[in-house]
Amino acid sequence: MSTPGDTLTSGDALAGAAASEASPAGENRNDALTVTTVPAWRRAAGVVVIAAIAIGVFVTLVALFTDVGPWDALQGLVRGAMGSRDAVSETLTRAIPLALVGVGAAAALRAGIFNVGGEGQMAMGAVAATLAIRPIESAPALVVWTVAFVAAAGGGALWAAGPAALWAYRGVSEILSTLLVNFATVSLLTWLLTDTFLHDPDPFVITAQGESIPSRLELPLLLDGSRLHAGLFVMIVSTAVVAWWLRTPAGLRVDLAGANPTLAAQAGIRPTRLRVGLLLGSAAFAGIAGAVQLFGLSHRLSMGLTGGVGYTGLLVAVLGRAKPIVTMFAAIGFAALITGGEALETGGVPRSLVAVVQAVLVVGVALMTRVGRRS
Amino acid sequence: MSEFWTLDFWETVLAGGLRLSVPIGIAAAGELVGERAGVLNLGVEGTMALGAFAGVAGAAASGAAGGLVAGALTGAVVGALFGWLVSRRQANEVVVGFAFALGGVGLATFLYRTSFDRPPEFDPFRAVSIPGLERLPLVGEVLFRQPLIVWLFPVLLAAIAFVLGRTRAGLELRACGDGPHAARARGVDVERVRWLSSVAAGALGGLGGAVLAAGIVGEYSDQIIGGRGFVALALVIAARWRPALLLPAAWGIGALQAFQLKVQAEGGFGLPVELLQALPFLVTLAVLAVGVGSGRAPRALGRLAQEAR
């Protein structure tokens, strides 16, 4: 849609947030939302208002369209998300891939890059991990996991290489190209898991799925009787690494490239190269998320491995205002909604309602950051 | 198996393609109107899904035509909300658009699940043969044995081209997309024009979804839009923001979808089904890669947030 030099594609918006110190006021033409100027009490008030609106939408839709009492549904949502040890561990389990995709997307958002391809990149990360461990399955588990995660990062990044090249050389919006790649990837994955050697060798299996990994290689569970696995540490470490990296001079360059590419170029930064790197890097995190799902949860390649996490992960990054640690907590929040939504489904409230609530929250954040800019 | 090169095969593909081009084309036409005013709405997917739901609900209540009206109205409401958020409130349009895409699909699914225990029954539009013309070889089957609804698309495109190119309202709309500051200096209420064009864009997006679900397929399903809203976004770029080019672009993508369905129905000709399913998306990507001239985009597109300062 526009040439890389002045790509405005959007995330500049969020990028502006952290970059306001880095670029002189008034100069940064691409700076759209400067949250840093919002007084703390207004931000707190904004959060309360957004939460109230989201709850209001939830209650209204439940009251109008289902037979469940709105108050019961709200209670059920909260209890299903965090009412018991099992609920909490399930919420954390679901937060892991969301946060991994989210922190990668957050770093890219700061430089104005919207990586919408998390879904496909996760899938290909998992495929790459599966391929990489085939020759070394008997090696110590730690070696296998390391190789697998490196391969997954590479597979994810490779899957963003096409959109990255199209953006850098042809000016094709990375939003559209990464999205279109997702849709093609669903077909590719189906084919890989149906018609190729990746298909489950069990002759009775006809669905599209892969062979299960040796149980020795499954990520260890952290709590008895739950699905919470050691991927939790991958999530925490990844978030910490990205948060640290963004505080180094490299992070300053990222923010500057997002806030004002022209100024960044004058300062000796190559904004296009940096942004391509961030698109690939965020894809690498999505790939790792795919591998974590593979080793921690599904234990085999399957069509449901990604389950919308690639999309929701980007929303989480927006909700976290492109800050890694906030993004991780936003991921836990969204995971709580998803877990609670599953519990509601058994009670007669379709879980797709959760997607509506998530959208309301994200729109609310978009509005709030805008409010900040005005003051 | 060997029917690949028969006239019959290509008749089916082109005729089916024409039918399938209508919903995606109408939605793309709406997006085109919005983008010419400088509003980038990534939420077409969600608008189409809600339009599809409203279309089916409306059709169940008062026939397929009623479904189209319901779909368009629903889309207009969605567009009004989107326009208010991004134009009046200057919320980031990419973020809001993406939220609308996911939230809209979620809301449509929720509403369908809670509103209908079993799929509602109604008749989609039936094909009408035009006497005389239908006997023409190839053209007769492709153009003149179609439900009349397919003609809605070229008619709408002609109307849009006329309004954009030949009326004062169209000039003001384009001014908001190309030079909002100048437009404002000349007394155009840019926010209002953008809001209105967003309403129109939403109405067409909803209409597109309704045409698909209520007019052509005859039912709603969770995956009915299945990425069409995003392909519609790409179509606008491929058509270089010109209504006339949208017609061949939409027909092309519709024919690809019809080709995929027909080849699948014929047993695949030895091609993997999955490759065929990925084809529309891959071709769209290739067209974007080859054909995009960024110079033709409305100059203020995607810059809503910057202008407000």
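Predicted model: local features only at pLDDT ≥ 70, side-chain atom pairs only at ≥ 80, totals over all residues.
Residues are numbered from 1 along each chain as its sequence is written, chains are lettered from A and ligands numbered from 1 in the order in which they are written, and side-chain values use heavy atoms, with hydrogens and water left out.

Back to Ala183(B), which sits in helix 7 of chain B. Helices (H or I, at least four residues) and strands (E, at least two) are DSSP runs, numbered from the N terminus. With a relative accessible area of 5%, Ala183(B) is buried; buried means under 20% relative accessible area, exposed over 50%, and partly exposed in between, using a 1.4 Å probe and protein chains only. Leu171(B) is twelve residues away from Ala183(B) along the chain, and their C-alpha atoms are separated by 9.9 Å.

Now slide over to helix 6 of chain B, residues 168-178, where Gly170(B), Leu173(B), Cys176(B) and Gly177(B) are buried. Look down the axis of helix 6 of chain B and these buried residues fall within an arc of 120 degrees, so they line one face of the helix. (The arc is that of the directions from the helix axis to the C-beta atoms.) What do they pack against? The buried residues of helix 6 of chain B pack against helix 1 (7-36), helix 5 (152-166), helix 7 (180-185) and helix 8 (190-217) of chain B.

Next, let's see how helices cross. Two packed helices are described by the angle between their axes and the distance between the axes. In chain B, the axes of helix 1 and helix 9 (residues 228-238) come within 8 Å and cross at roughly 60 degrees. That makes helix 1 of chain B oblique to helix 9 of chain B. Here, axes are lines fitted to C-alpha atoms, for helices over the stretch in contact, and angles run from 0 to 180 degrees between N-to-C directions. Angles under 35 degrees count as roughly parallel, over 145 as roughly antiparallel, 65 to 115 as roughly perpendicular and the rest as oblique. Residues of helix 1 of chain B, including Leu20(B) and Glu31(B), meet residues of helix 9 of chain B, among them Arg228(B) and Val231(B).

Over in chain A, there are 14 helices and zero strands. Buried residues make up 60% of the 375 residues in chain A. Among contacts in chain A between residues at least 6 apart in sequence, 75% join residues at least 24 apart.

Chain A has its own crossing to look at: the axes of helix 5 (residues 118-133) and helix 6 (residues 141-170) of chain A come within 7 Å and cross at roughly 140 degrees. That makes helix 5 of chain A oblique to helix 6 of chain A.

Finally, find Ala123(A), in helix 5 of chain A. At 5% relative accessibility, Ala123(A) counts as buried. Leaving aside neighbours within four places in sequence, Ala123(A) is in contact with Thr185(A), Leu189(A) and Thr306(A).

Terms used: Arc of directions from axis to C-beta. Contact = heavy atoms within 4.5 Å.
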